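Q: I have a structure to get to know. Can you walk me through it?

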Amino acid sequence: MQLLCPACRTPLPGSPAGKAAVLTCNSCSAEVDVSRAGTADGRPRFAPEVDRAGDTVSGFVLEARIGAGGMGTVYRARRPGDAGPVAVKFLSPALASEPDVVARFHREVKLLKSLSHPAIVRVIDHGDESGVPWFAMELVDGPDLRARLAKGKLGLEETGKVFGRLLEALGHAHSKGITHRDLKPANVLLAEDGAKLADFGIARHDPGASSHLTKLTETAAVLGTFPYMSPEQRAGSDDVDRRSDLFSVGVLLYEALTGKLPQGAFAPPSRLNPALPTRLDGVI
């Protein structure tokens with residue numbers, strides 16, 4: 001079994017020195033307590049993460065890790081008899097003992113299962129492995145919008161294709177009473193058959209709409225990614241709805257067409273990119 005550093009995701013050394021069950025990461029020097037989750041007195045210590053590559057979970061053979069973040073890890077996987085590979089997302093084991101976090105993870109699964117649109121990543125299966133929840137979803141072989149923007153701004157035709165799909169996905173989600181709340185380039189995946197919206201981890205369901213989905217308490221929480229957040233999100237307001245998503249789409253459009261984020265007293269996009277028609281200034 002290979003243990004990974006939860007801070008930098010590199011493999012940990014083979015065994016702790018002395019009697020203490022603490023390993024020091026050779027890459028980032030974080031101290032990882034391999035005997036239990038949580039922290040110990042003194043220097044911060046972290047619970048390790050198991051590299052599940054090679055394991056089989058509910059028939060899915062986990063081939064390799066393809067991504068990791070603060071909430072968990074995503075693996076490329078295959079299930080015999082299925083048409084192709086999928087992505088399996090595991091909640092971080094260090095968070096699996098936090099009821100609110102587990103509830104949020106399960107809610108993401110329910111939200112995705114309630115959505116059916118070609119421009120939204122599709123959930124295939126879900127379950128629990130040794131107390132750690134997971135779900136399998138459609139694997140998008142292609143870059144995200146963040147990687148694409150690192151190569152330069154988008155042309156008008158490409159922008160129309162990407163954002164046309166993004167707005168269709170949001171229209172479908174909003175019709176179900178769901179606000180995404182974390183629109184950013186990394187959550188727009190560029191598949192061969194068109195852009196797909198992903199990561200509904202902090203999405204909110206309108207309590208006024210009819211659904212079995214529950215709303216988690218978010219007192220004093222500011223959720224989202226700051227440059228793309230609407231003013232009400234930044235203020236931690238409880239009054240966040242589909243209009244907040246449209247604000248974020250405006251930020252994304254500005255960045256895609258100009259290569260810049262709209263900060264402070266920003267210029268109209270056509271001033272930064274003369275190739276743009278001025279009518280787009282009003283749209284954005």
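A short tour by question and answer follows.

Q: What kind of model is this?
A: It is a predicted model.

Q: How many helices and strands does the secondary structure come to?
A: The protein has 7 helices and 15 strands.

Q: And how much of the protein is buried?
A: Buried residues account for 43% of the 284 residues. The protein exposes about 14500 Å². Carbon and sulfur atoms supply 52% of that area.

Q: What share of contacts join residues at least 24 apart?
A: It is 50%, counting contacts between residues at least 6 apart in sequence.

Q: Sheets next. In what order do the strands of the open sheet run?
A: The order is S6-S7-S8-S9-S11-S10. That makes 6 strands, with antiparallel pairing.

Q: Which strands stand at the edges?
A: Strand S6 (56–57) and strand S10 (123–129) do. Each has a single partner strand, so one side of each is left without a neighbour in the sheet.

Q: Which helix packs on the sheet?
A: Helix H1, residues 99–113. Helix H1 touches strand S9 (86–91), S10 and strand S11 (132–138). The direction of H1 makes about 25° with that of S11.

Q: Back to S6. How many bridges does S6 make with S7?
A: 2 bridges, in the antiparallel sense. S7 covers residues 60–68. Val-57 stands opposite Phe-60 in S7.

Q: What about the hairpin of S10 and S11?
A: There are 2 residues between the strands. In that hairpin, Ser-130 takes a positive phi near 55°.

Q: Where is the hairpin that joins S13 to S14?
A: S13 spans residues 188–191 and S14 spans residues 194–197. The hairpin runs through 2 residues. The two strands pair in the antiparallel sense over 4 bridges. Leu-190 has Ala-195 in S14 as its bridge partner.

Q: What is Val-88 in contact with, beyond its neighbours within four places in sequence?
A: Phe-60, Leu-62, Thr-73, Val-74, Tyr-75, Ala-77, Trp-134, Phe-135 and Ala-136.

Q: New topic. How many aromatic pairs does the structure hold?
A: It holds 4. One of them is Phe-60 with Trp-134. Their ring centres are 6.0 Å apart and their planes are at 75°, so the pair is edge-to-face.

Q: Where in the chain do Phe-60 and Trp-134 sit?
A: Phe-60 is in strand S7 and Trp-134 is in strand S11. They are 74 residues apart, so to speak distant parts of the chain. Both residues are buried.

Q: Why do Tyr-75 and Phe-90 count as edge-to-face?
A: Because their planes are at 90°, with the ring centres 5.8 Å apart. Tyr-75 is in strand S8 (residues 72–78) and Phe-90 is in strand S9. The two are 15 residues apart.

Q: Are those two buried or exposed?
A: Tyr-75 counts as buried, at 0% relative accessibility. Phe-90 is buried too, with a relative accessible area of 3%.

Note on methods. Residues numbered from 1 in each chain as written. Predicted model: local features only at pLDDT ≥ 70, side-chain atom pairs only at ≥ 80, totals over all residues. Heavy atoms only, no water. Pairing = 2+ DSSP bridges. Contact = heavy atoms within 4.5 Å. Buried < 20%, exposed > 50% of the residue type's maximum accessible area, 1.4 Å probe, protein only. Areas by Shrake-Rupley, 256 points an atom, 1.4 Å probe, with all protein chains shown as cover. Axes fitted to C-alpha atoms, helices over the stretch in contact; angles between N-to-C directions. Phe/Tyr/Trp six-rings, centres within 6.5 Å; stacked < 30°, edge-to-face > 60°.
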